[in-house]
Amino acid sequence: MAVVDRAGPIADSWTRLADDQAPAAGATVIVSFARLKNEHNSLFSAAGKVGVEIAGDVKLEELEPFLPRLGLIVVRMNNMRDGRLFSIGRMLRENYKYAADMRAAGDLIPDQMLYLLRCGFTSFEVKDGFPIDSLRRSVAAYTHWYQRIANSATPVTELRHGAAHGGEP
Amino acid sequence: MYIYDKFDHAITSERVAEFSQQVTRRLAGELSEDQFRPLRLMNGLYLQLHAYMLRVAIPYGTLSTKQLRKLADIAKKYDRDYGHFTTRQNLQYNWIKLEQVPEILAELGSVEMHANQTSGNCIRNVTADQFAGVAGDEVEDPRIISEVIRQWSTFHPEFSFLPRKFKFAVTGAAKDRAAIQFHDIGIHIVKNDAGEIGYAVYVGGGMGRTPVVAPLIKPFVARHELLSYLEACLRVYNMHGRRDNIYKARIKILVRDLGPVEYARQVEEMWPLTRASGVDVPAAEVARIQAFFAPPVYETIKEPVAAFEESKKRDKAFANWVKNNVHPHKVPGYGAVTISLKPIGGIPGDASSAQMHQIADLSDKYSLGEVRVTHVQNLVLPNVKQADLFAVWQRLGEIGFAESNIGLITDIIACPGLDYCSLANARSIAIAQRLSEHFADVDRQHDIGSLQIKISGCINACGHHHAGHIGILGVDRAGQELYQLTLGGAGDETASIGTLIGPGFTSDDVVGAIDKVVETYRGLRQNAGETFIEAYRRVGPAPFKEALYGRR
Amino acid sequence: MHMSNAKVINKVLTANRLRNGETVYYTPAGEWVLYVSQARVATTQEEADELAKIGAAAYAANLVIDVAVIDVTPGAEKKPSHIRELIRATGPTVRADLNKPITPPKK
C-alpha cells in the first residue's frame, strides 16, 4: 500500500489505529468513525493529529461537528464503480468547507483521479506498483472543463465571458 | 447549429488523446478488462457478438451535412459501409476494431462530433424533439437547453460513476415527440403565468425490466437555476440509488421506493447546496448558445404553393407521402420531411455510406444543410420548401427511402437484437422485416392508420416495446426465440405502458398474431378516424385476447 | 464407475480478440481462428474444464475477452447448438452479404 497525490508518491505520516488500541501521545492517527463519535474528547487531547475513515453510507451531518479539528478524512470505496465518493468529496469541500487533507481509498485506477481531484480530494491510497506515469498523465489530460466544481479551475462557461483562468487542478 | 469554439475543440481533442493512451495501456496489459470496460463504455465502445460496436453521439439528433458525410466516410473506411441510427438519436457502427477507435474519434472530432458518454453509468446523449426549431407548437427550441446540458454533463466529475446509466430528453412543444416521460429525467419547456420560460422536470421514467412513466417532480424551474436543480436530482440519486442490484439501480427505482413526494423533498433539501456551489451557467453563456439556434433566413412564400398542390393532385403516391412524411412547418411555404429509413423489408434505421452521402447532398440542395435523427430511427430534412417537395420525394425514391409510412404500421422501431447484440435473447430485425413485408400494401397501411410497432430483443427494451401501441418482446425459451406481445403502450404526451396480452408466439406465428390484432382493431373501431390506441383504450385487452387465444 | 452413463458432450472454446473484437475459436494447435469448424472439441467434462482454463489464461494474458465454452453439434461441421452462438459464428442473419462460413473458404 502506498499514498500518492497528483504528482506521485508522498510520505505517509498517518498510522491506522485499531478500535481497542490507545493512541501514543502526540501520534498522528486514523480512527474509525464509530470511535471518533464515542471518544473524540480523549482522542483529540491525546493524539497529535486525528484523521477519520468513512464509507459511502456516512451521514455528513454527523461528521460535521468534528470537521474543524480533523487533519485527514479517508473516504473508502471498495469498488471503483461506486461513485458516492465523488459526491461526498464535493459536499465536504463545497458545503461543509472542510479544508484539510482528503484521501480516496479503495480499488481506484489512475483515470479516475482527475475527477477525484476536481471533487476536492488531495491524496489517494493505492496498491503497491500503482502506475505512477499513468497517474501523472491522467491528471494532466485536460486543460479545461465545463463545470464549476469545488477546487477546479474557472470553467469554460465563464472563461468565454472574460473570467480569468486560475486555480487547480 | 451549435459551433465549437476553441474550448470545445480542446476538450474534444484532449479526450481523443486520453482514450488513445487508455487503449494503449489496455493492449499492453496495464489495464485489466474490468478496469478498462467503464472507460471504453464512456467512449461509446461495446463488445457485441461479432466485433466491437461504436456508438457515436448525435447530440439532440441534429447533424450538419458535413457531419453526416463524415459518418458515411467512417462507415466506409473503418466499418462495413453502413451505419445504424438508434432510438437515442445516435449512430452505431457494428464492425469496429479497438485499435482503430482513437483514429475514428479523431475523425469525429474534426467535424465537432464525439462518442462521449454514449454508454456507461453516466449522463448519456441528450435527446430532443426532432422538429426542434421548426415545429409550430413550440415554446422554445429544446436544443438550446440540450446543448447547455450536453456541456454540463460532459466529463462531469461527480456524475461519471452513477449507480446506472442516466438519460435526458427535452421537448419544447405541446406534442411530445421525444418520449420525455420514459427518461430518467424528462424536461418539458413551459411558460409560467408571468410569461417566463422555465422547465417542468419529470424524474424516474424508463423502460427496461421495470417500465415507469416518470412523475412530475417540479412543475417549474427557472431558466437560470436548471443546472443546480439537476445536480440536486443527480446527487440524491448518486448517494442513495441502489448499487447492490443492477436491475434496481436506475433512478426510477429510487423514486418509486421513496415515493415522488419524498424524492422531491430530498431534492429540495439538496438544491441550496448545489446552488451555493455556483454550478448554474451565466445568462450570457445561455444567450451565446441560444444565438447558434437562431432561425435560418427563410423566404417569404405565400400558400398555397400552386406547383405543390398540383403535384399532389396529379400523383397519389406523392400525396400519400406528403400526408404521412411531411410535417407542418412554422414558416408558410415550408415543410419538415421525415425520410423513412423503413423501406419495406429493410433493416430499420440502417443506411449505407452512399445513402448517407445522398441524403447530405439532398439537404444541401433543399434543406439548408441540416439533417435530424428521430427516436423512431428515421431522418428529417427540417427546412424544405413546398415547391421542392416533389423533387425531394423523387430523389428519395432513387435512394430507396421514399416509403410513405411515417407513423404507420411499417414504421417499426427495432433494436439490433440477436443479430448483433450480446445482450439479446431473440432477433428483432428479422421480425420487423417480415412484418414490414406482410403489411407492405400502401392502401392497407393507410386504412390501418396510426399504429406503432416497437420490437425489443430482450428485457432491456432498447426497442421501446413498452411504449409501442403493439410491443413485441423477444425472449429465449429453452433455446428457442419466443415473442411476447404487449398492447396499449404510448410514448407521447399520453404516455402509457403496454400490457402483456398472454403467452408468447414462436417466430413463425408472431406475424399472424399481429395480423389478428390489427384485424380485431379494424373490426371494432367506431369509425375510420378512431386510431388503434384510441380503440384499445376504449375497449381494453379482452377482444384482442379472445382473437389471439380464443375464449377461455 | 459407469462411464457409459457419462453425458455426451461436444464443446469448443470461443472468445473475441481483444485488439479487434473478432469472434474466434481455439484450435488443437493452440491458435485462435475465425472458423468454428477448426476448433478443438472437448468430449468429456475434463476436456471442457481444460478448455475453460485455457480461456481464462488467454483472458488474463490480454489476448481475448468474453471467453466461453459452448456446445456444438457432433461431427466435422461443429455447428454451435444455440442460436446465439450460431449467429456469432456466422454473422447477422439479416445481412447474408456479411456472413462468414462455418468452415474456411477453399483457397
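Which residues is B:Gly504 in contact with, leaving aside its neighbours within four places in sequence? In this predicted model, they are B:Val475, B:Leu482, B:Tyr483 and B:Gln484. B:Gly504 sits in a loop of chain B, between strand 20 (499–500) and strand 21 (505–506). The residue is buried, because 21 other C-beta atoms lie within 10 Å and 20 or more are enough for that class. B:Arg477 is 27 residues away from B:Gly504 in sequence. In space, C-alpha to C-alpha, the two are 9.7 Å apart.

Now step back to the whole of chain B. Its secondary structure comes to 18 helices and 21 strands. The chain has a radius of gyration of 23 Å, close to the 24 Å that the globule rule gives for 552 residues, so chain B is as compact as a globular protein of that length. Along the principal axes, its C-alpha atoms fill a box of roughly 60 × 60 × 55 Å. Of the 552 residues in chain B, 58% are buried. Take the contacts in chain B between residues at least 6 apart in sequence: 67% of them join residues at least 24 apart.

The largest nonpolar core has 237 residues. B:Leu54, B:Val203 and B:Cys233 have the most contacts inside this core. Helix 6 (residues 226–240) of chain B gives the most to the core, with ten residues.

Chain B touches both other chains. Start with chain A. This contact takes 38 residues from chain B and 33 residues from chain A. On the side of chain B, helix 1 (6–27), helix 2 (33–41), helix 5 (142–153), helix 6, helix 8 (260–276) and helix 9 (283–292) each supply at least two residues. Helix 1 of chain B gives the most, with eight residues. By class, this side of chain B has 17 nonpolar, eleven polar and ten charged residues.

Then chain C. Here 23 residues of chain B are in contact with 20 residues of chain C. Helix 14 (residues 429–438) of chain B gives the most to the side that touches chain C, with three residues. That side of chain B has twelve nonpolar, four polar and seven charged residues.

Chain A carries a sheet. Eight strands form it, and it is open. The order is 2-1-8-7-6-5-4-3, with mixed pairing. Strand 2 (8–9) and strand 3 (15–16) of chain A are the edge strands, each pairing on one side only. Strand 4 (residues 28–32) and strand 5 (residues 49–54) of chain A pair in the parallel sense, over five bridges. Within that pair, A:Ile30 stands opposite A:Gly51 of strand 5. Helix 1 (residues 33–46) of chain A lies across strand 4 and strand 5. This helix runs at about 140 degrees to strand 4 of chain A.

Chain C has an open sheet of four strands, in the order 3-2-1-4. The pairing is antiparallel. Strand 3 (32–33) and strand 4 of chain C form the edges, each pairing on one side only. Strand 1 (residues 11–17) and strand 2 of chain C run antiparallel and are joined by three bridges. C:Thr14 stands opposite C:Tyr25 in strand 2 of chain C. Helix 1 (residues 45–60) of chain C lies across strand 1, strand 2 and strand 4. It runs at about 170 degrees to strand 4 of chain C.

Finally, helix 2 (residues 83–90) of chain C. Is this helix mostly covered or mostly uncovered? Mostly covered: six of its eight residues are buried. The buried residues are C:Arg84, C:Glu85, C:Ile87, C:Arg88, C:Ala89 and C:Thr90. They pack against strand 2 (23–26) and strand 4 (64–71) of chain C. Just after helix 2, C:Gly91 takes a positive phi of about 105 degrees.

Note on methods: Residues numbered from 1 in each chain as written. Chains lettered and ligands numbered in written order. Predicted model: local features only at pLDDT ≥ 70, side-chain atom pairs only at ≥ 80, totals over all residues. Core = buried A, V, L, I, M, F, W, Y, C linked by C-beta atoms within 7 Å. Buried ≥ 20, exposed ≤ 12 C-beta atoms within 10 Å, placed from the backbone. Contact = placed C-beta atoms within 7 Å. Pairing = 2+ DSSP bridges. Axes fitted to C-alpha atoms, helices over the stretch in contact; angles between N-to-C directions. Rg over C-alpha atoms; globule rule 2.2 N^0.38 Å. Nonpolar A, V, L, I, M, F, W, Y, C, P; charged D, E, K, R; others polar.
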